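I opened the model today to check a few local features. These are my notes, in the order I looked things up.

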Amino acid sequence: MSCMLRQVVLLFQLSFSDIYMSGLRTALTSGVIMKCVPHPQVKTMAAVLLRRLLSSSFEEIYPGLTVDMQTAIKTELVTRGSAVDLLVHAYSVWYTTFSCLYMVPLDDDGNNQWPELLKFLFDSVNSDNVGLREAALHIFWNFPGIFGNQQQHYMEVIKRMLVQCMQDQENPQIRTLAARAAASFVLSNEGNAALLKHFSDLLPGILQAVNESCYQGDDSVLKSLVEIADTAPKYLRPNLEATLQLSLKLCADTTLTNMQRQLALEVIVTLSETAAAMLRKHTAIVASSVPQMLAMMVDLEEDEDWSMADELEDDDFDSNAVAGESALDRMACGLGGKMVLPMIKQHIMTMLQNPDWKYRHAGLMALSAIGEGCHQQMEAILNEIVSFLLLFCQDPHPRVRYAACNAIGQMATDFAPTFQKKFHDKVISALLQTMEDQTNPRVQAHAAAALINFTEDCPKSLLIPYLDSLVQHLHVIMVAKLQELIQKGTKLVLEQVVTSIASVADTAEEKFVPYYDLFMPSLKHIVENAVQKELRLLRGKTIECISLIGLAVGKDKFMPDASAVMQLLLKTQTDFNDLEDDDPQISYMISAWARMCKILGKEFQQYLPVVMGPLMKTASIKPEVALLDTQDMENMSEDDGWEFVNLGDQQSFGIKTAGLEEKATACQMLVCYAKELKEGFVEYTEQVVKLMVPLLKFYFHDDILLMGSMPLLLECARVRGPDYLTQMWHFMCDALIKAIGTEPDSDVLSEIMHSFAKCIELMGEGCLNNEHFEELGGILKGKLEEHFKNQELRQAKRQDEDYDEGMEETLQDEDENDVYILTKVSDILHSVFSSYKEQVLPWFEQLLQLIVQLVCPSRPWADRQWGLCIFDDVVEHCSPSSFKYAELFLRAMALSLCDTSPEVRQAAAYGVGVMAQYGGENYRPFCTEALPTLLGVIQSPDSKVKENVNATENCISAVGKVMRFRPECANVNEILPHWLSWLPLNEDKEEAVHTFDFLCDLIESNNPIVLGPDNANLPKIFQIIAEGVANESVKSEDACSKRLANVIRQVQGSGGLWTQCVTMLNETQQKAIQDLLNTA
């Protein structure tokens, strides 16, 4: 190694340790760039060093350089790039030099700050030097946004450049690079419909390059085509037929590598997800792709030892069989069963009759794969499917029996609980019989796994009749496999059987008590003795099983073993720090402790000091993250536990997901402890809050349960007094509001919004300062505006040339998501109104016109429903001041009382009720006007049918509130007998309590209309009360329950009247009356 090269290497090493800014400036200007003599290795190393320094610390280094230094670097790079012998050193030099400054050319306004680079680019493309042309295309491919706001100006030049290079007949590498650069340019302009249309005539050249490069062993352009299908599928529309035909041809060509064939199939499958409506128009191509997927699934190897394997290997995701199955699953979900099932059904039936086991195996695995996507269509023929599926549990080949178990388990999940209700007798019998296959442990284990899937979603009442048989089989197998473990060391079947026992117990609950003693001694024995490394999974599953059985049978039955079990868990817990990070026992232990907490209740508090340390350690796992360019990405693999998010401009954000599942589980358990122990968890609330709040910004796990932890933690903190509670809330509040504004996932967002609303209700007035209100108002306004914008976009999509029935289903799903977010906006406003009352109205006015827009008659029913709910809250919590907005919503509310949508009628009726109760004198005319409409809705012939009953009950409650709080608005004596005949309310529990309160008022005041002459109506009143208690419309904790009980007790002392009232009640009603007397 030359002296100069050694100096550069040394500088490279130093740059990643303790070089300071001044040293970096010197290195960049004199040590690396300016003094690189023409030694090619030195130039390459210098360029690599420059790229590493700037790409890792660009914001810290480059802006700190003087303008002269920046200019010198850029000039030197262009000079060196132009002068170097690019045929020899092209890639190593130009890539490492130019890509390191991809951030430099554009300022904040999109102006290119490096015009020399654009000149170099255009000169190189037109050069006779192939190396320079390659360099220019590489730069354009890696940084397609290099033209900034001058892109439109250079549009034709860019297009000519790409076309010219794609037509270079002498240099295939130029054609390939040009195709990749064209694809990169398309991807960077995915939202520019006009540009995509203008560049559509480049697609045939890209497709030609895909075809040529694949047969040269290069799949890079094919990967670019997959990216276009994923990100800019509409670009393919003018040449979609050609794109699909090429993809199908490459997929079918067995001379290509498996990866190339899978990538070709990926183009079609990706389009089924990103442009389903567009693809559904090409039925023939889709139909032709199905046999290709199935052919891949047949690509299995013979393995005589397969059925005896005691370790389950992870799926080989590079294999054709796994790729074909995944593709089938995704295509069925993307295109829908209406299209896919008719295409595949006959293929599967033919495969199942093939004498070659591989075809039967593939047919059954295909059946497993399409269940989710073809759910509706398969459910209609489930009898036919299950009848022939069960036959394959007796197939002569073990791998076919395995596939049959797989299909049963998958369908038990996909079609639950219908599958369990229809086929419980046949399925349980078939699985138990297959579990007796002692000569094929892997089949035996998979039958047990299918039984787990079946029992997890099986209604308890269906499982109970089979308990004796299930328990007997599971016990016999467990005993036999325990012996095998001792004698041979085999454990696979035992692992699954232990989980099957846990699943059966979890579903059977207290009905498992008679079998408790049959299993618990053996399970404790496994935990005590299965301490070898290879038995970690078995031990973890057994710990899970013990805790689930304990939870199922209840504290009384479990308590004699509780102490011994806790000691076993404590012993494992004390060894926790010695467990390896990937030890499967960790997650099972964490979950088991939470179940023990549920079983023991407050008694579990004594174990918290032992449990919390390791739990917090797991919950605090910080995943490894990285910002990577294309070259770095190629050196990393998703198989190594990395997942990537494409950021565009050839950059991706990577996160190593190993440990995230355990982190999420640990956080769930912390939430569980807070919920179960409440004030008993107060010692740990502060550190848990400090852990949880930053997770509001953590996008890489979708566990929405964690987002609901904040109100629970505040509840725990209450015991320490208002100052401590306020301090904790201040730590949460800013993060919660910011998360509402930034969270991209709608499921997680809705949970954060719900959690925030609950926190405000818990903290009450004063919990939000002016800055909070300002930020929250802006965010809620943004959510409402986004709601309207999304509706407009969906309407535009309905005009799209690809619009079809399948797209409409997708649009309706999107609409449901949007409406759910709207409900959470309503929740937050409810919590603010209920806490702050009238003083919050000036703040609310920034949202007022958007809420008024929601209740317009032309809006969808869900908009009108939630708009009315928000105005209901304004009336309920902000009256009499609310009346100043009355002209904005009263007309809409009046019209909505007889709306065709029951949800809208319900919201309007509730509004009338709160106007009567809280609105004040100003609302009296409206209550008078609304009453006849309410009575008409209640007396409508279909008012009590299922879909209308909630709206009708709100109308009944509203009539009661008008009579109670605004009697001047109603002819009470005339309406009261009718109102009494409509009671009790059974569906809307909250309104039922209001009606019972009013009923108590009437009885206690000896209202003659309610009581009737000589108390003749009392038997009817008894029936109303008894029915209300039996249906849990009124509960012991409700204030009116004591008043109702007093009414009953007064009648008890009246002899004959009591007998008359009680004899008119059925057995259930009599029991309800007795329960009320005992508890109230």
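The entries below go from confidence to salt bridges and then to the backbone.

**Ground rules**

I am working with a predicted model, where local features need pLDDT of at least 70, side-chain atom pairs count only at pLDDT 80 or more, and totals for chains, interfaces and linings use all residues. Residues are numbered from 1 along each chain as its sequence is written, and side-chain values use heavy atoms, with hydrogens and water left out.

**Confidence**

I started with pLDDT, the predictor's confidence in each residue, from 0 to 100. The protein has a mean pLDDT of 87, and 85% of its residues reach 70 or more. Residues 1-25 have pLDDT below 50, and I find 35 contacts for this stretch beyond near neighbours in sequence (a contact means heavy atoms within 4.5 Å). Residues 84-97 are also below 50, with 34 contacts beyond near neighbours in sequence. Where pLDDT is low, the predicted coordinates should not be read in detail.

**Salt bridges**

How many salt bridges does the structure hold? I get 46, counting a side-chain nitrogen of Lys or Arg within 4 Å of a carboxyl oxygen of Asp or Glu. As background, side chains of opposite charge can pair when their charged atoms come close.

I went to Asp561 and Lys524 to begin with; their closest N and O atoms are 2.7 Å apart. This pair links distant parts of the chain, with Asp561 in helix H30 (residues 555-574) and Lys524 in helix H28 (residues 516-529), 37 residues apart. My helices are DSSP runs (H or I, at least four residues; strands are E, at least two), numbered from the N terminus.

Are the two partners buried or exposed? I call a residue buried under 20% relative accessible area, exposed over 50% and partly exposed in between, using a 1.4 Å probe and protein chains only. Asp561 comes out buried at 15%, and Lys524 is buried as well at 16%.

Next I looked at Arg859 and Asp863, a salt bridge with its closest N and O atoms 3.2 Å apart. Both residues are buried.

Then came Arg964 with Asp1001, at 2.9 Å between the closest N and O atoms. Here too the pair links distant parts of the chain: Arg964 sits in helix H46 (residues 949-965), Asp1001 in helix H48 (residues 989-1004), and 37 residues separate them. I have Arg964 as partly exposed at 27% relative accessibility, and Asp1001 as partly exposed at 25%. I also noted one network, in which salt bridges that share partners join Lys234, Arg237, Lys281, Asp800, Glu801 and Asp802.

**Cis peptide bonds**

Going through the backbone, I found a cis bond from Ser879 to Pro880, with omega near 10 degrees. Pro880 lies in the loop between helix H42 (861-878) and helix H43 (886-896). I noted another cis bond from Leu983 to Pro984, its omega near 0 degrees. Pro984 belongs to the loop between helix H47 (972-981) and H48.

**Positive phi**

Where does Glu509 sit? I find Glu509 in the loop between helix H27 (492-508) and H28. Its phi is near 55 degrees, a positive value in a residue other than glycine, and Glu509 is partly exposed at 37% relative accessible area.

Lys678 is not a glycine either, yet I read a positive phi of about 50 degrees there. Lys678 lies in the loop between helix H34 (660-677) and helix H35 (682-692), and at 43% relative accessibility I log Lys678 as partly exposed.
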